[in-house]
Amino acid sequence: MNMVSALKWIHNWVGFTISITMLIVLTTGVYLGSVDLLKRTDSLGQTFVPLTLEKKAETVASVFERYPEMSTVRFPTEHTPYIQATARGKAIALDNELNELASRASFDLPFYETAFWLHRNFLIDNGGKYINAWASLAGAIVTLIGIYLWWRVRNGFRLKQTLPKNTRSSSLLKSHIQLGLFISIPLFILCVSGFLITYNSLWTGALNQKPVTQSFAVSQGNDWLSQLTNAQQVWPNSELVSVSKPRSKRGKKPNAAPQGENQKPKAQMFTIQFDEHPGVWLREADRISINHTTGVIESALKHSDRPLSGRVASFVRPLHDGLNMPASYVALITLVSLTGTGILSFSLVTFCRRTFGGKTKKAA
């Protein structure tokens, strides 16, 4: 068996082996992406009006007081023209006067929770996510092999063969090749990033960059206007888009505060996120960490100042699920998932016909 024959065997049999898992992941990905797109395209009747720093400070204080379970306050932008208070799987939309517009919980949507866990671990708890991860890695390898096999016969490319004309195996196979070529790169990225999300220890260390020692003006303690003003002065040309507080760990209850007259106030560390410009691809990527209790800026780090490894690591999850990415990217990966579903369906039919169909006829 020569190398090309071996690669064809791997492409066909490994692809067939992981086809069911990949179909589950891709079809649920279409659903999850569609839900995300619908949320992003709903302006809730609001028109974008930028907030002043004074209004942002008032908004942060009011929203965190009103909704203590929420971890992030996002200000209106051209992409989302209303204020948002968000936590894990939950979001409350407010207008600029802090009147509640809508309250959403993703898992309250029909089939969403089932689709999410099917996509993540096939509904078999912790072991399922590792099956998913290795199937995704195998899918990435099959995709690369497919690109190589196409490259060898690239002169046979015909755009009119993209959609199958009938249900014959030859027509389905040609469509599989053409469509696979179109989505090969984004599909490869989705597979690799899915694997890395499960094995996050491989890349999260690249995000733990020590910020360069800098001196910043000290703000007034527990004063949001003073602190947001100082943060904006660090990057005067960037847009201050959100403020986050540390999320409590699931299932962990806060420890009771010790008694004593000399007890020091507990430090409250918040992160202030910026966009360098409205068209930035990865949003909320420039961050300032500030001690709200003392008003001291602990660190300031722009995405562009990270080393290459840190910048690449920052994109692992956003490239997979569109977090903090433009709606156009979410539309792209949803379309890729939909197309991938069709490709896998075509390949399953042709593979089963050619591999098992002949044996059935002979047996008959």
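A cavity is a set of grid points where a 1.4 Å probe fits but from which the probe cannot get out. By this criterion, the predicted model holds one cavity of 30 Å³ or more.

The volume of this largest cavity is about 40 Å³. Its lining consists of Tyr82, Gln84, Ala91, Ile92, Ala93, Ala102, Ser103 and Arg104. Two elements each give two or more residues to that lining, namely strand E3 (90-94) and strand E4 (100-105). Sorted by class, five of the lining residues are nonpolar, two are polar and one is charged.

Strands E3 and E4 lead from the cavity to the sheet. Strands of a sheet pair through backbone hydrogen bonds, either parallel or antiparallel. Here, eight strands form an open sheet with antiparallel pairing, in the order E4-E3-E2-E1-E5-E6-E7-E8. Strand E4, which contributes to the cavity lining, is one of the edge strands; the other is strand E8 (296-301), and each of them pairs on one side only. From one strand to the next, the twist averages 20°.

Within the sheet, strand E1 (residues 72-74) and strand E5 (residues 239-244) run antiparallel and are joined by three bridges. In this pairing, Thr72 stands opposite Ser244 of E5. A helix also packs on the sheet: helix H7 (residues 224-234) touches E5, strand E6 (269-275), strand E7 (286-291) and E8. The direction of helix H7 makes about 45° with that of E6.

Note on methods. Residues are numbered from 1 along each chain as its sequence is written. This is a predicted model: local features need pLDDT of at least 70, side-chain atom pairs count only at pLDDT 80 or more; totals for chains, interfaces and linings use all residues. Side-chain values use heavy atoms; hydrogens and water are left out. On a 1 Å grid over the protein atoms alone, a cavity is a set of points where a 1.4 Å probe fits but cannot get out, and a pocket is an open set with protein on both sides within 12 Å along at least five of seven lines; lining residues have an atom within 4 Å of a point. Grid points are joined across faces, edges and corners, and a volume is the space filled by probe spheres set on the points. Helices (H or I, at least four residues) and strands (E, at least two) are DSSP runs, numbered from the N terminus. Ala, Val, Leu, Ile, Met, Phe, Trp, Tyr, Cys and Pro count as nonpolar, Asp, Glu, Lys and Arg as charged, and the others, Gly among them, as polar. Two strands pair if DSSP finds at least two bridges between them. Axes are lines fitted to C-alpha atoms, for helices over the stretch in contact, and angles run from 0 to 180 degrees between N-to-C directions. Contact means heavy atoms within 4.5 Å.
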